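Dear colleague,

I am passing on the structure we spoke about, and I would be glad if you looked through it before reading my notes.

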Amino acid sequence: MGLFKSAEEKRIEEKMLIKKAMSKIKRYIEQLNTAKTRYKEEAIKAKKQGIASQYKLAISGLKMATRQSQVAEQLLLNLELNQQTKDASEVTRDFVSGMSTLGKEINELNGKINVARTSKKMRTAMAQSERMREGLEGFMDESEMLFGSMSDDAGTDAEFDALIMREMEADTADLSEMDAEIDKLLKRAGN
């Protein structure tokens with residue numbers, strides 16, 4: 001690629017940058033999911049061992065990873081929606097370009113131009129583009145409001161405590177069932 005890039009080269013480069021950004025966000029979400037699992041395990045371990053400070057630290061990490069995961073998922077969704085809007089705009093641009101080309105060909109074939117029809121189609125296309133832009137602006141405003149409230153939506157301390165207790169009870173229940181099976185086998189072996 002030379003000093004000056006063609007429109008197609010720029011478009012390809014933009015798509016690569018967007019894909020790279022989306023890939024990074026997806027990897028980050030995966031890392032946060034791994035971290036949430038680890039923090040939950042650490043909280044269970046600390047709760048079983050009765051280490052309150054370690055439990056509180058693990059719950060803080062779990063809450064932070066949960067909030068960051070919500071924000072990252074919102075960023076990914078915004079990127080995907082913006083990419084979709086850009087693609088729709090490109091399709092509209094290609095449509096208008098195609099209509100212009102067809103108009104020229106029809107003019108050459110018929111020897112006259114139907115300006116009114118082309119103008120009407122252009123007005124329709126421009127109105128659609130404006131509605132799409134307004135919808136995107138509304139979406140972005142809503143996203144900003146969601147980002148502001150999202151940090152409080154991760155859950156309360158009581159909800160996270162209940163989650164850890166359920167996990168501990170599930171672990172204990174599994175061990176109790178296993179102990180019962182072992183007892184049954186030992187009784188059979190003794191008979």
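What follows is a short account of what was found in it.

This is a predicted model, in which local features need pLDDT of at least 70 and side-chain atom pairs count only at pLDDT 80 or more, while totals for chains, interfaces and linings use all residues. Residues are numbered from 1 along each chain as its sequence is written, and side-chain values use heavy atoms, with hydrogens and water left out.

The protein has 4 helices and 0 strands, where helices (H or I, at least four residues) and strands (E, at least two) are DSSP runs numbered from the N terminus. Buried residues account for 16% of its 191 residues, buried being under 20% relative accessible area with a 1.4 Å probe and protein chains only.

The largest nonpolar core has 10 residues, among them Ala43, Tyr55, Leu62 and Phe160; such a core is a set of buried Ala, Val, Leu, Ile, Met, Phe, Trp, Tyr and Cys residues joined through side-chain atoms within 4.5 Å. At least two of its residues come from each of α1 (7–49), α2 (52–110) and α4 (157–190), and α2 contributes the most, with 4.

Leu62, if neighbours within four places in sequence are set aside, is in contact with Lys36, Tyr39, Phe160 and Leu163, contact meaning heavy atoms within 4.5 Å. A second, separate core of 5 residues includes Met22, Ile25, Ala72 and Leu76.

With best wishes

Methods. Buried means under 20% relative accessible area, exposed over 50%, partly exposed in between (1.4 Å probe, protein chains only).
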